[in-house]
Amino acid sequence: MLQDVLHRLQEIFCTALPLSGGDFKLQLNEATTAKQGHTGSRRAKGPLRSAYPPGGSSSRERDNQLSSLSLSLRDPPLPLCLKPSRAPGGLHSRAASPEGSSPSPRGSEELQTGLTGNSYEDTDQSGFVSDFELQELFREASFSLPGYKVREIAETFIAGDTNKDEKISFTEFVAIFQELKSKQLSETFRKSITRRDGIRSFGGMSAKSSEGTQHSYSGDNLVLALNSASSIGCTVVSIDAHDLMAGKPHLVLGLLWQIIKVGLFADIAINGNGLIGLLTDSENRDDLKSLSPEDRLLRWVNQHLRNAGTSTISNFSEDIKDSKAYFHLLDQIALHQEHGYKKKVKIDMSAINERNLDQRAEMMLRQAARLDCRQFVSPSDVTSGNSKLNLAFVANLYNVHSGVQSSQTNGVGAAPLIEPETNEEKTFRNWMNSLGVAPHVNHLFCDLCDGLIIMQLYEKVNVPVNWKKVNNPPYPILGVNMKKLENCNYAVELGRDVAHFSLVGIGGENLNEGSRLHTLALVWQLMRRYTVSVLSDVGDGDKVGDQIILNWVNSTLRQKRKDTQLSSFKDKQISTSLPVIDLIDAIAPGTVRWDMVKRPQRGVLKDADKLNNAKYAVSLARKIGARVYTQPEDLVEVNPKMVLTLFAALMANGMKKAER
């Protein structure tokens, strides 16, 4: 699902942002303008390059795909790449750059290479751009404008000329060109998503807007992308499909970074690749479970640095700027390479004392390339201490070459591994994180032991919390656990007396100790209340029970003449996902592609076909706008809790559509 989300996001985002949009770097070429209906004189023949190629599910393939997407987090964008100039001279070789008015050197160089023609001359020999030269210059840059438009641009610029010389230098022309390109790209993107070929109504709008406005299929894809991102734990409470359509840089970048992190950290599990060996003598497994993936990576790096006999680091920004830590890390990784990995690599450490930090970083990355790990960062990203990209670089190193042997357990020995996270626990954790709780929930039971996350969830389901009774960190050195226990006691009190949850046999000490059974019992009731509260909002505040949801499902299926009827949320028919697909077809006719739906043969549906149906059903539910956290495996296994949340989300979506 992550690959599908990223692929769809990239297809939309690669044309969504204006060139002036923050620090989002896009690989644009003439194919982009051709695809969007650009009015320039040349049209590209090649397809738009995707930064997220499909295919491949291994961690190395996924990291390679994510690394290409991470280019978006680096530098400001440039004008569209034009054909190289054949003219050695011309106006741009003569014009001087007035002090204080020079645009980005890279932007100027990019435009200079875009000017074409055998020789472009400064016809009046003034060293500046006159009005008739301005029109020709735009034409040579494949940005033809009518004469009146050129005159308007010149008059507007001279009226607001900061240096008051009433002349346009070449560097000032570059600034004008960049601004015009930015505006045109933004405008053509808006036009491209509202064009009238292959369109249909887009849900989630007011009745008036839904009746009068048509949107392209990209709208549905964005809804699917957002709901899928939410289901894997990305915080999407302040962003919707319209924000993505508008190409708001800070929201798009924030969402992309969250998705990239999920993909990179997917394999950094506590049991994976010998991470249990990172425990110190004074720690137990609970201490490791409570660490974030970033902290686990930091421990992994520092273990290698200690083995190398060099200084450890405390961050992935300031401490790695000189590349020395990376040199030692790569050397240790090469020493611990698995025997089955291609061929033995010996890291060349000779450049570790190179005085030029950029050159040193480049030499370090060349050594990383020998380990197939030169992704995510450039030398300047290392020397500038870009924390996000360097974190991605280290995560990729870990995924490809952990270098931690499972036998290195620091005295822990061959103790049993920590019980892995179940699908249900992962669903609960992703649901919490998607709501924007703080701090981020990395481990369900350890991170809820102070009660603070539970308090935030109470407020999400409209249970009032008296924050004066809540103990917030930093806690005093003495009595830390007592303060956390008081929070947990208050959490149980709110659940029992205010939310009216069934908490028989559950006390604050159970939550504080991280009891799996008791924590799951409370969290499930919180998630169920949240799901049902969405229905109550749609249904004018009426309380909605399980039977009401089941009755609505069956009546909707009957009204649309579907054969399926459910006896309960434990009905074995649900394992085929056919009832879910039928319900989606009833809510949003024309959404289902029936050739993708697997049907039973002689009354039996294969397990693989059940899983494929479940994946398709969950994707369809998210595509029509339902906020679904249910996993495909929950449908195949008929997990009644998760099945309930799925049908409740579909009911809320169906009722909203009925109101419109």
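Predicted model: local features only at pLDDT ≥ 70, side-chain atom pairs only at ≥ 80, totals over all residues.
Which residue with a positive phi follows α14? Gly309 does, with phi near 75 degrees.

View 1. Local features need pLDDT of at least 70, side-chain atom pairs count only at pLDDT 80 or more, and totals for chains, interfaces and linings use all residues. Residues are numbered from 1 along each chain as its sequence is written, and side-chain values use heavy atoms, without hydrogens or water. The chain holds 28 helices and 2 strands. These are DSSP runs, numbered from the N terminus: helices are H or I with at least four residues, strands E with at least two. Of the 660 residues, 52% are buried. Buried means under 20% relative accessible area, exposed over 50%, and partly exposed in between (1.4 Å probe, protein chains only). Take contacts (heavy atoms within 4.5 Å) between residues at least 6 apart in sequence: 63% join residues at least 24 apart.

**View 2. Helix α14 covers residues 293-307**. Its 15 residues reach 21 Å from first C-alpha to last, close to the 21 Å expected at 1.5 Å a residue. The expected span is 1.5 Å times one less than the number of residues. Buried residues in α14 include Pro293, Leu297, Trp300, Val301 and His304. Arg296, Asn302 and Gln303 are also buried there. An α-helix has 3.6 residues a turn, so residues three or four places apart point the same way.

**View 3. Asp243 and Lys248 form a salt bridge**. The term means a side-chain nitrogen of Lys or Arg within 4 Å of a carboxyl oxygen of Asp or Glu. By this rule the count is 11. Here the N to O distance is 2.9 Å. Asp243 is buried, at 13% relative accessibility. Lys248 is partly exposed, at 34%.

**View 4. Glu318 pairs with Lys321 in a salt bridge**. N and O lie 3.0 Å apart. Glu318 is exposed, with a relative accessible area of 51%. Lys321 is partly exposed, at 22%.

**View 5. Arg429 meets Glu421 in a salt bridge**. Their closest N and O atoms are 2.7 Å apart. Arg429 counts as buried at 14%, while Glu421 is partly exposed at 35%.

**View 6. Salt bridges link Glu362, Arg366 and Arg374 in a network**. Side chains of opposite charge can pair when their charged atoms come close.
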